[in-house]
Amino acid sequence: MSACPGPAVVCVPARNEAERLPRLLRALADQDGFSSARRLRVVVVANNCTDDTVASVRDLALDTIDLRLIEATFLGTDAHVGTARRRALDAGAEWLEAEGAPDGVLLTTDADARLDPSWVADNLSALDGAEIVGGRLVIDDEGDADPALAGFHAKVERYWAGVRLLEDALDPPPHDPAPRHGDHTGGSLALRASLYRAVGGLPALPRGEDNALVAAVQRVGGRLRHCPAVSVRVSARTAGRAEGGMAVEMLRRARVVQGGEAYRLPTAAFWRDLTLRRARLRRRWREGAAADTLADLGLRAEDRAAILTDCPNDIAFVERTLACLAPRDPPAPECPLDRALADLAALAADLRRDAAA
């Protein structure tokens, strides 16, 4: 068993998860480094439930976790996963602060996730060289695999692996070395409570709340790590609990495999150009020409001030600059997945030839 990890709270939003939430809590009870003498802290926000979610949690007898169950009903425009996840993370931060551990770690995952026993310890280890850690999402068919759909999942993963290869060739992040994955969603995130507070907490958005938190951390210069040791298995179900969540993507892919929908993703050229743009901005920051760069880009004086004020490093400079430029950027051009894969492979071959020349 690994050494005892530091203070940490796992924060979980749950809506109508009577079947899957107990499985998650049992997995948290089996995490390495915790025991009945040193229990893992867990917050569950059971929100807007119409099933037996709350009863299913209360019926569990798990002596290696210290569980705080919050029952909540969110109304109107607040009734979404962003509000529930923020409530859970805020409660986790309050717990750590009350115990004199404001630099303790907040972790969040989904109620239907499957976790390995090392998930908490692996996250804490990855935070040694980063400010926020995203875990890899592994699609879990729960024993009901469709070979055609599994093949399509693998094809999509090859696309994103190709995008990361472009990044490694053109603008490799030193704090996030290969091999790495590309996921940073609410299915698996970890950061220190003090940083969570410093960036204003999780944006309570109806969708994309997880990516918004990651972006906020990067805008203050935080290093994002996609450690290959950190992963969760996520449900392949097509009837989800969150608007715009994983279930929507699974349903989309199912329609594609059945021949009822095209699947288009940003072109290889888009990723090449974006990566080169990031690299140019990063280089100008390191050369001390950041203000000149912003003038060249035609940004307003107030935008330039917002970017440069208390800008700690190249990560913050790049993310702040791209956020200011985003409203002026055209939509990302897309193409069919097969063409995108072919173009990514061709670009990779060109880069290898250039490197060998």
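Biologist: Is C335 buried or exposed in this predicted model?
Modeller: The model is predicted, and its values are computed from it. The relative accessibility of C335 is 0%. The cut-off for burial is under 20%, so C335 counts as buried.

Biologist: How many disulfides are there, and how far is C311 from the nearest cysteine sulfur?
Modeller: The count of disulfides is zero. A disulfide needs two cysteine sulfur atoms within 2.5 Å. C311 is in no disulfide, and its nearest cysteine sulfur belongs to C324, at a distance of 11 Å.

Biologist: Is C311 buried or exposed?
Modeller: Its relative accessibility comes to 12%. Buried means under 20%. C311 therefore counts as buried.

Biologist: What is the geometry of the aromatic pair Y159 and W160?
Modeller: The count is five aromatic pairs. In the pair of Y159 and W160, the centres are 4.8 Å apart and the planes stand at 85 degrees.

Biologist: Which residues form one aromatic cluster with Y159 and W160?
Modeller: The cluster holds four names. Besides Y159 and W160, its members are F270 and W271.

Biologist: Which residues lie over the faces of W95 and Y263?
Modeller: Over the face of W95, at 3.8 Å from the ring centre, lies R68. Over the face of Y263, at 3.9 Å from the ring centre, lies R252.

Biologist: What span should helix α3 have, and how far apart are its end C-alpha atoms?
Modeller: Helix α3 covers residues 81-98, which makes 18 residues.

Biologist: How many residues of α3 are buried, and which residue with a positive phi follows the helix?
Modeller: The helix is mostly covered, with 13 of its 18 residues buried. After α3 comes a residue with phi near 75 degrees, G100.

Biologist: In what sense do β7 and β10 pair, and what is the bridge partner of L137?
Modeller: Strand β10 takes in residues 231-235. Five bridges link β7 and β10 in the parallel sense. In β10, the partner of L137 is V232.

Biologist: Which residues cover the two faces of strand β4?
Modeller: The strand runs over residues 105-108, and both its faces are covered. One side has V105 and L107, and the other has the buried residues L106 and T108.

Biologist: How do β1 and β8 run against β4?
Modeller: Strand β1 (residues 8-14) pairs with β4 in the parallel sense over four bridges, and V9 has L106 as its bridge partner. On the β8 side, T108 stands opposite L189. Four bridges join β4 to β8, and these two run antiparallel.

Biologist: Where is D171, and with which side chain does its own make a polar contact?
Modeller: D171 sits in the loop between α5 (147-170) and β8 (189-192). It counts as buried because its relative accessibility is 13%. At 3.0 Å, its side chain contacts that of R282.

Biologist: Are N16 and D310 buried or exposed?
Modeller: Neither is a glycine, yet phi is positive, near 55 degrees for N16 and about 50 degrees for D310. N16 lies in the loop between β1 and α1 (21-29), D310 in the loop between α11 (301-308) and α12 (314-325). At 16% relative accessible area, N16 is buried. At 69%, D310 is exposed.

Technical notes: Residues numbered from 1 in each chain as written. Predicted model: local features only at pLDDT ≥ 70, side-chain atom pairs only at ≥ 80, totals over all residues. Heavy atoms only, no water. Phe/Tyr/Trp six-rings, centres within 6.5 Å; stacked < 30°, edge-to-face > 60°. Lys NZ or Arg CZ within 6 Å of the ring centre and 35° of its normal. Expected span 1.5 Å × (residues − 1). Buried < 20%, exposed > 50% of the residue type's maximum accessible area, 1.4 Å probe, protein only. Pairing = 2+ DSSP bridges. Polar contact = N/O pair within 3.5 Å; in protein donor to acceptor, adjacent residues only side chain to side chain.
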